[in-house]
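Please open the model in a viewer and keep the selection panel at hand.

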Amino acid sequence: MVAKHKVKNAVSFITDFEEALAGEALSIALRADRPNEIQVAYHYLADCALIRGDAAKAVGLYVESLRAAIRYGNRMEAVFELEGGAMALAGVGRDSKSMRLLGAALEAGIAPVATIHGARAELSLTFLFAP
């Protein structure tokens, strides 16, 4: 039991440190208006939220990361954000919506580049925001 507690404390310490760094990186990226770095920082913060068990917070962070990925035109990163959003939605008990979003992510992953911009991306954002 002691070993489990030590591991949990170590993970928490590492997550605290990395989350602080990602928050600072996000601040710098936002000031510099660098969509690629904004996307990476939001994604990392969303991952930290999932590690902490805060799936509701992760949903919003994956949405912001998806917006940034779309803004700088990185289709593959956008697909990763859709997948992250699906994991977070499952974490808050929205399994049906999670599976639909995951299906959209898989479809977008093999669809032509143009489809991730515009309608499909907006549809995916709608999945994340809708109740």
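**First stop: helices α3 and α4**

Select helix α3 (residues 55–71) together with helix α4 (residues 75–91): their axes come within 8 Å and cross at roughly 165°. Axes here are lines fitted to C-alpha atoms, for helices over the stretch in contact, and angles run from 0 to 180 degrees between N-to-C directions.

Next, display the side chains in contact (heavy atoms within 4.5 Å). On α3 these are A55, A58, V59, Y62, S65, L66, A69 and I70, and on α4 they are E77, A78, E81, L82, G84, G85, M87, A88, L89 and G91. Coloured by class, the contact of α3 with α4 shows 12 nonpolar, four polar and two charged residues. In this scheme Ala, Val, Leu, Ile, Met, Phe, Trp, Tyr, Cys and Pro are nonpolar, Asp, Glu, Lys and Arg are charged, and the others, Gly among them, are polar.

**The model as a whole**

Zoom out. The model is predicted, so local features need pLDDT of at least 70 and side-chain atom pairs count only at pLDDT 80 or more, whereas totals for chains, interfaces and linings use all residues. Residues are numbered from 1 along each chain as its sequence is written, and side-chain values use heavy atoms, with hydrogens and water left out.

The protein contains seven helices and zero strands; helices (H or I, at least four residues) and strands (E, at least two) are DSSP runs, numbered from the N terminus. Of the 131 residues, 36% are buried (under 20% relative accessible area; exposed is over 50%, partly exposed in between, with a 1.4 Å probe and protein chains only). The accessible surface comes to about 7,400 Å², and 65% of it belongs to carbon and sulfur atoms. Among contacts between residues at least 6 apart in sequence, 56% join residues at least 24 apart.

**Second stop: helices α2 and α3**

From α2, the residues P35, I38, Q39, Y42, H43, L45, A46, D47, A49 and L50 meet A55, K57, A58, L61, Y62, E64, S65, A68, A69 and R71 of α3. By class, the contact of α2 with α3 has 13 nonpolar, three polar and four charged residues.

Select L61, in helix α3. Is L61 buried or exposed? L61 counts as buried because its relative accessibility is 13%. Leaving aside neighbours within four places in sequence, L61 is in contact with Y42, L45, A46 and A49. Draw a distance from the C-alpha atom of L61 to that of G85, 24 residues apart along the chain: the separation is 8.6 Å.

Move to S98 in helix α5 (residues 95–110). With 5% relative accessibility, S98 counts as buried. Not counting residues up to four places away in sequence, S98 touches A86, M87, L89 and A90.

Select D33, in the loop between α1 (2–32) and α2. Most residues other than glycine have a negative phi. D33 is not a glycine, yet its phi is positive, at about 50°. At 44% relative accessibility, D33 counts as partly exposed.

Key: Accessible areas come from the Shrake-Rupley method with a 1.4 Å probe; for residues, only the protein chains shown count as cover.
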